[in-house]
Structure formats: C-alpha cells, structure tokens
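I opened my notebook to look up a few places in this structure.

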There are 2 protein chains.
Amino acid sequence: MKASLLRIAACLIGAGLTVVAQTNRPAPLQSPVIHPDRTVTFSVRAPNARKVELSAQFLAANQALTLDTNGVWSITVGPVEPNLYPYNFVIDGIGVADSANADLFPNERFKQSLVDIPGATPSLHSIQDVPHGTLTYAFYPSKTLGRTRPLIVYTPPGYHRGTEDHPVLYLVSGTTDTEETWFKVGRANFILDNLIAQKRAVPMVVVMPYGNMMRGTPPPTSLQAAEMYRVFNDELTLDILPYVEANYRVSRDREQRAIAGFSRGGGQSLFTGFNNLDQFAWIGSYSAYLTPEVFDKYFAAVAADSNATNRKLKLLWLGVGRTDFLYKQAVEFDEYLKGKSIAHLSLVTDGGHTWMNARHYLAETLQLYFRK
Amino acid sequence: MKASLLRIAACLIGAGLTVVAQTNRPAPLQSPVIHPDRTVTFSVRAPNARKVELSAQFLAANQALTLDTNGVWSITVGPVEPNLYPYNFVIDGIGVADSANADLFPNERFKQSLVDIPGATPSLHSIQDVPHGTLTYAFYPSKTLGRTRPLIVYTPPGYHRGTEDHPVLYLVSGTTDTEETWFKVGRANFILDNLIAQKRAVPMVVVMPYGNMMRGTPPPTSLQAAEMYRVFNDELTLDILPYVEANYRVSRDREQRAIAGFSRGGGQSLFTGFNNLDQFAWIGSYSAYLTPEVFDKYFAAVAADSNATNRKLKLLWLGVGRTDFLYKQAVEFDEYLKGKSIAHLSLVTDGGHTWMNARHYLAETLQLYFRK
C-alpha cells in the first residue's frame with residue numbers, strides 16, 4: 001500500500017539509515033508545483049487507475065490528467081488567477097486529496113487540498129512580515145448538546161501583553177465544515193493580522209465555533225432548518241458566549257459584539273443575531289439568507305418595528321456571488337428586508353458559493369465591524 | 001464528482017431549501033461505526049472501483065471490502081482492542097482517507113483517518129470531564145530557515161489565570177508529520193489534561209514545532225541525517241526557544257526544560273538534548289536512536305565524561321516496540337549508552353513504529369518529567 005510504503009520509507013530515511021534502504025523508494029512527488037507564470041502542475045501516483053481528473057475551483061470543468069511510464073498522472077493548467085483554491089483529484093470517480101500536499105480542507109465529508117497562487121503583491125490571506133495574532137484551540141462544556149466541544153479563538157497581536165477588553169466577532173463556518181475551516185481555508189487569522197497592521201481593521205478577538213448542529217440527515221424545510229439554527233442559537237448564547245467571556249478579555253457591550261458566517265453559518269448568524277439584538281449590534285451574512293416564512297415566524301417584532309431594529313443594528317451586511325446557487329434566495333431576502341425597511345448593506349460579487357468569496361466578504365466586513 | 005455533489009447538496013439543505021432538493025441526494029454515509037462489542041464497520045461509496053481494501057494499524061494485513069447494490073463498499077472487523085488508530089481505504093491501489101470521517105492524520109504525504117475505539121474505562125487520550133488546557137497556534141520568525149513557521153503550544157488548565165512560570169517540554173513529531181500531529185494523533189493535550197487531573201503529571205507547557213527540516217529527498221546516511229538534525233537544533237535553540245520564552249510563562253531553568261520526540265523527532269531530540277546539556281535536563285526518545293558514528297562524531301565529550309553527563313541529565317528515556325523496524329538500532333543505541341556508562345531508562349513494549357506506541361511513551365514519560 002502506497003501510504004504505508006511511503007511512511008515506512010520516510011521513517012527509515014528520517015531515522016538515518018543507509019542509502020541501501022532508499023534506492024527502492026520513488027522520489028517523493030511534488031504537487032502542486034506553481035510556476036512563475038502562474039501555471040500549476042498537479043501530480044499523483046496512481047499506476048492502476050483508469051482515469052484521473054483534476055477538480056479545482058478555478059476550473060470550469062474537470063480536466064483529465066496524463067499517465068507517464070512511472071505510474072504518475074499529471075497535468076499543467078493555468079495561468080491561474082491569484083487566490084487560495086480548494087481542489088482534489090478524481091481517481092476512477094473517487095474524490096481524493098493530494099497526498100503530496102499537507103494543506104487540507106477541514107470538513108466532515110469531502111477531503112480536498114488547498115493551493116495558494118501568489119500574485120504580484122502578497123494576498124491579504126498570506127503570511128506577511130507583520131505582527132501575528134495567535135489561535136487557541138479550546139474545549140468548552142456544552143450544556144445544550146451534553147458534551148465537550150472544540151472552539152478556535154483568534155486573539156490579535158499583543159493581546160497576551162495587554163489588559164484591555166477587545167471587541168469580539170463570532171464567526172461561523174458552513175455546511176459540513178468544522179471549527180477549523182475559517183482558520184485553515186478562511187485564513188481569518190492572516191487576513192486580520194494584515195488588516196490590523198494596515199490599520200484597516202480594529203484589533204478584535206474572533207471566535208470560531210463548530211457550527212454544525214446536524215446529525216445524519218439535515219432538515220429538509222426552511223422552518224425545520226430554523227429549528228436547527230435555534231439549537232445553534234442556544235449553544236452560542238448559553239454555552240459559547242459565557243465560556244469566551246470567562247476565559248478571554250472580550251467586551252460585554254453589545255456594540256462590541258458581531259456575529260457572521262458563511263452558508264449554513266450565515267443562516268445561523270442571521271437567526272442568532274436577529275434573535276438577540278440586545279446582544280449583537282453587527283451581523284454578517286456571507287452567501288446565506290433566511291426565508292420570509294422563517295423571518296415572519298421568528299422575527300415578526302423585528303420587522304414590525306424597523307425603526308427600533310435599525311437603531312439597534314450598527315451593521316447588517318449581506319454578500320453573495322452572482323453565480324452562487326443561493327443567489328436567487330439571497331436576493332429575495334435582500335428584497336424582503338427592503339420591504340420591511342430594515343437597513344442593510346449588500347455586496348454582489350462575481351463567483352459562486354466558494355471560500356474565495358467567503359474570504360472576500362470577511363475581508364470587506366472586518367473593515368466595517370466596530371468602526372462607528 | 002462525489003465531493004462537489006455532497007458539498008452542494010449539504011449547502012442546499014443547510015441553507016434551508018425544500019425537500020425537493022434533497023431527494024436526489026444519497027443519505028450521508030456514517031463511517032466508521034463502532035459497535036458495542038468493539039467491532040467496527042467501515043464504509044465508502046465507490047461504485048466504479050474494482051477493489052477496495054481497509055488498511056488499519058489494528059490489522060495484520062489489508063482486508064477486502066464488499067460492494068452492495070448502491071455502490072457502497074463496507075466491512076465489519078474486530079472486536080478491536082481499545083485505542084486510537086490510523087486507517088485508510090485502498091481503492092484500486094490508492095490510499096484514501098475516509099470521506100465520512102473528519103478526523104484526519106496531519107501529514108505532508110499520506111492521508112489517513114483516525115478511529116478511536118473506546119474501552120470499558122475512558123482511555124487516557126480521550127476528552128474527559130476534567131479541566132482542559134488550551135492549544136495555541138503561533139507563528140514565529142525563523143532566522144534559521146528564513147521564513148515564518150507555525151508552532152503549537154499547549155498551556156495547562158488555569159495557565160491564563162496564573163502568574164507563575166511552568167516547566168516546558170519541547171515535543172517533536174516524526175518523519176513527514178507536521179506541527180499538528182502530536183495534537184491531532186498524539187492527543188498530547190488530552191493525555192496531559194487527564195494526567196494533571198489525576199495528579200500523575202505536573203502542569204507544564206508543551207511546545208510542538210514543525211520538526212521536518214527535509215526538503216525533497218531526505219539525507220541517506222546517518223551522518224547526513226545528523227546534519228539535518230543540526231539545522232533543527234539551531235531552529236529550536238535560536239528561534240523557537242527565544243520565541244516561546246518571550247511569549248509564554250515558561251521557566252528558563254534547564255531542570256525545567258525537556259525535549260522529546262517520536263521517530264525522526266526522537267533523533268532530533270537526542271541530538272539537540274546532548275548538544276545542549278546546559279539547556280535541557282530531560283530527554284525522551286520514542287522509537288528512535290542515534291548511531292554510534294553520530295554519537296562519536298558530535299558527542300565524544302558527553303561520552304568521555306559520563307559522570308558529568310549523568311549529573312546533568314535528570315532523565316534520559318528510551319522507548320521502542322519489539323516489532324518496530326528500528327528495534328535493532330534502538331537496542332544498539334541502548335547498548336552503546338551502557339557501554340559509555342551513560343545512565344538511562346529503557347522501555348520495550350509490544351507493537352511497532354506506531355502512534356499507539358508514541359502516545360504510550362509520551363504518557364509514561366509525562367509522569368516522570370520535572371518530578372525530581
């Protein structure tokens with residue numbers, strides 16, 4: 001088996017054995033290899049495969065790889081527009097992460113790798129020579145779910161030497177993502193490091209929960225989804241928020257609290273935000289929406305007194321991509337809010353339901369939160 | 001493509017669409033499923049595959065899965081001895097992580113999943129109802145390597161409320177592992193949470209660096225490997241140690257500093273420890289060794305004055321498994337140290353070059369470090 005062979009070979013070599021042990025080992029594949037012209041070569045060893053394709057979020061359709069005489073399939077694509085993209089191989093119909101690439105997309109289901117195409121200037125999500133915040137993996141007791149759950153907390157540069165409270169953003173990832181996805185794919189920490197260094201965002205704490213409340217089959221209707229959002233609402237307000245406030249220097253002022261999320265996490269952020277306007281003054285919806293029937297059922301009072309709602313909300317921000325499969329629903333939600341005279345900002349971008357857009361929306365809103 | 005379909009379907013559902021969108025979606029697979037008798041069912045959807053096997057570190061050999069009429073391959077194995085094991089599927093010869101399982105083995109090369117088989121009593125690496133330490137992802141400037149590098153730091157329960165300095169263990173992972181492997185596979189944090197709660201270990205800070213200094217083809221001889229170890233030695237002592245001491249409350253007393261590691265990380269720990277006996281009083285080698293030629297070349301003075309060495313070393317600890325492919329070399333190293341009258345403790349266990357053993361050795365030594 002390839003993985004075991006590689007592992008044993010790497011152990012042998014790593015432990016300092018002689019050249020004899022190494023000669024039977026194929027040289028480690030490098031993949032992806034990003035060329036200066038932003039073309040990229042992807043390779044995978046699969047001597048027994050009948051068909052290998054590349055699936056990547058910068059491609060309109062899967063591309064077939066070519067097999068060489070050593071059992072290695074490869075393809076060169078591009079030039080690729082600078083960004084950080086998920087991709088995977090499709091080997092005889094099975095989606096497979098790139099075994100030569102340690103950068104994985106954390107997810108409950110699919111296994112994808114990440115490739116970061118640099119541009120002429122450093123991207124906002126890249127590690128730059130600026131002060132870095134840190135990320136804490138913490139474990140808190142969830143009374144709502146009856147178990148210990150993981151949480152990632154970004155604290156800004158200098159946090160550990162300071163004494164002041166910081167504003168706090170609760171940032172929720174999507175669908176089958178984990179608490180790690182806003183860190184590993186969203187690069188929320190590096191984006192914020194860079195924006196803070198450029199004085200384009202205020203130093204803040206960012207809390208990234210494990211937002212998925214679904215077990216097995218997800219709820220099929222928007223009202224049932226809203227009930228799942230309500231479980232998240234309880235988890236966030238009764239378990240996560242008290243834990244964070246007991247263990248981190250974060251403000252308890254509602255005007256210093258924001259909640260935002262991508263996809264399912266955006267729906268949860270809208271639900272939790274509107275449900276707790278006494279606790280959150282900033283709400284961000286990245287590629288998400290609530291249906292009118294959910295809003296009417298749960299937030300009739302919010303809609304009925306839009307003046308009071310607008311006084312409470314420092315910002316309600318909605319972003320969606322023109323080719324997002326949720327575009328129509330997001331626009332309907334936007335229109336619904338307009339009809340109810342609930343003030344909000346909207347951004348429509350190119351692109352679809354992707355983490356490239358999620359990062360874009362995060363970067364836009366990080367420059368707005370806690371600014372007025 | 002399966003991953004994309006799943007993702008889009010999950011997005012649709014998570015965003016609250018109607019039942020129509022869901023009917024075309026297969027129910028999400030649950031894998032692995034651990035049964036009360038400790039048998040385990042592994043499943044993977046691969047309708048086009050010709051052969052699917054399970055590779056798992058609790059199996060002596062790969063086992064073939066069976067295809068059902070829905071394109072799902074599955075197998076039930078066991079009962080399995082309680083422990084946390086790496087495993088993967090082998091689909092037409094390709095090692096593939098379990099797409100239904102979010103627990104991945106962080107590694108530069110192979111992609112494996114993790115399955116945790118619980119026993120009658122909670123395992124030492126499990127999340128228990130005890131105070132939890134936190135893990136920090138930090139980013140430090142490496143002058144040695146000329147770039148910013150990641151680091152994970154465990155701080156014990158109560159650390160953030162305290163003011164005292166703690167003893168510190170530098171814990172290095174193996175081969176092509178990353179800075180995450182001692183956390184995600186080694187579960188160093190939960191083992192230490194539990195040992196501290198049971199008063200079997202002293203509260204300590206644990207620093208987990210990205211130990212792999214190899215680029216491309218690894219060094220083929222033990223002397224060349226030692227030169228690679230020397231780069232790690234510089235990185236650890238000139239970059240990591242100053243960063244940690246500037247940013248965490250750790251003792252600067254050599255008797256409050258330990259270094260240990262698994263496999264290649266064990267070799268690096270032995271090298272760095274012996275190279276800096278003025279800075280480290282505790283050294284742990286988990287499934288590793290140095291060759292006599294390396295020891296003779298670099299540490300002749302350490303061997304020549306064994307009395308001085310023994311006065312400095314509070315503990316030199318060596319562990320290896322009887323079926324470890326490095327067993328012979330580890331025993332030779334043990335004999336070499338005996339021949340030089342360098343005091344040490346040895347533990348030989350069942351099993352091989354595995355993370356089950358790495359965790360075992362960590363748990364043993366965490367009860368010894370900083371104890372006298």
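In what order do the four strands of the open sheet in chain B run? I read the order as S1-S2-S6-S5, with antiparallel pairing. I noted that this is a predicted model.

**Entry: the sheet in chain B**

I looked for the edges next. They are strand S1 (33-34) and strand S5 (66-67) of chain B, and each pairs on one side only. I then followed S5(B) to its partner. Two bridges join S5(B) to strand S6 (residues 72-77) of chain B, and the two run antiparallel. Across from B:Thr66 I found B:Ser74 in S6(B).

The peptide bond from B:Ser31 to B:Pro32 is cis, with omega near -5°. I turned to chain A. The bond from A:Ser31 to A:Pro32 is cis, with omega near -5°. A:Pro32 sits in the loop between helix H2 (19-22) and strand S1 (33-34) of chain A. I made a note of these bonds because most peptide bonds are trans.

**Entry: strands in chain A**

I traced S10 (residues 112-117) of chain A. It pairs with strand S7 (residues 83-91) of chain A in the antiparallel sense, over five bridges. A:Asn83 has A:Ile117 as its bridge partner in S10(A). Strand S9 (residues 104-105) of chain A also pairs antiparallel with S10(A), over two bridges. How many residues lie between S9(A) and S10(A) in their hairpin? I counted six. A:Leu104 stands opposite A:Ser113 in S10(A).

**Entry: two crossing helices**

I looked at helix H5 (residues 222-247) and helix H6 (residues 264-275) of chain A. Their axes come within 9 Å and cross at roughly 65°. The crossing of H5(A) and H6(A) is right-handed. From H5(A), the contact residues include A:Ala225, A:Tyr229 and A:Phe232. From H6(A), they include A:Gly267, A:Phe271 and A:Asn275.

**Entry: the core**

Which residues touch the most other members of the largest nonpolar core? That core has 196 residues, and the list reads A:Leu171, A:Val206, A:Val207, B:Leu171, B:Val206 and B:Val207. I picked B:Val207 and left aside neighbours within four places in sequence. Its contacts are B:Leu151, B:Val153, B:Val168, B:Tyr170, B:Leu171, B:Ile240 and B:Val244.

**Entry: positive phi**

I looked up B:Thr175. Its phi is near 40°, a positive value in a residue other than glycine. It is placed in the loop between strand S13 (168-172) and helix H3 (181-184) of chain B. Is B:Thr175 buried or exposed? It is buried, because 28 other C-beta atoms lie within 10 Å. A:Lys199 has a positive phi of about 55° and is not a glycine. It lies in the loop between helix H4 (188-197) and strand S14 (205-209) of chain A. A:Lys199 counts as exposed, because it has 7 C-beta neighbours inside 10 Å.

**Entry: an aspartate in a helix**

Last, I checked B:Asp334 in helix H10 (residues 327-339) of chain B. It is partly exposed, with 17 other C-beta atoms within 10 Å. Not counting residues up to four places away in sequence, B:Asp334 touches B:Leu318 and B:Ser346. Its C-alpha atom is separated by 13 Å from that of B:Gly267, 67 residues apart along the chain.

How values were computed
Residues numbered from 1 in each chain as written. Chains lettered and ligands numbered in written order. Predicted model: local features only at pLDDT ≥ 70, side-chain atom pairs only at ≥ 80, totals over all residues. Core = buried A, V, L, I, M, F, W, Y, C linked by C-beta atoms within 7 Å. Buried ≥ 20, exposed ≤ 12 C-beta atoms within 10 Å, placed from the backbone. Contact = placed C-beta atoms within 7 Å. Pairing = 2+ DSSP bridges. Axes fitted to C-alpha atoms, helices over the stretch in contact; angles between N-to-C directions. Left-handed = near helix turned anticlockwise from the far one by under 90°.
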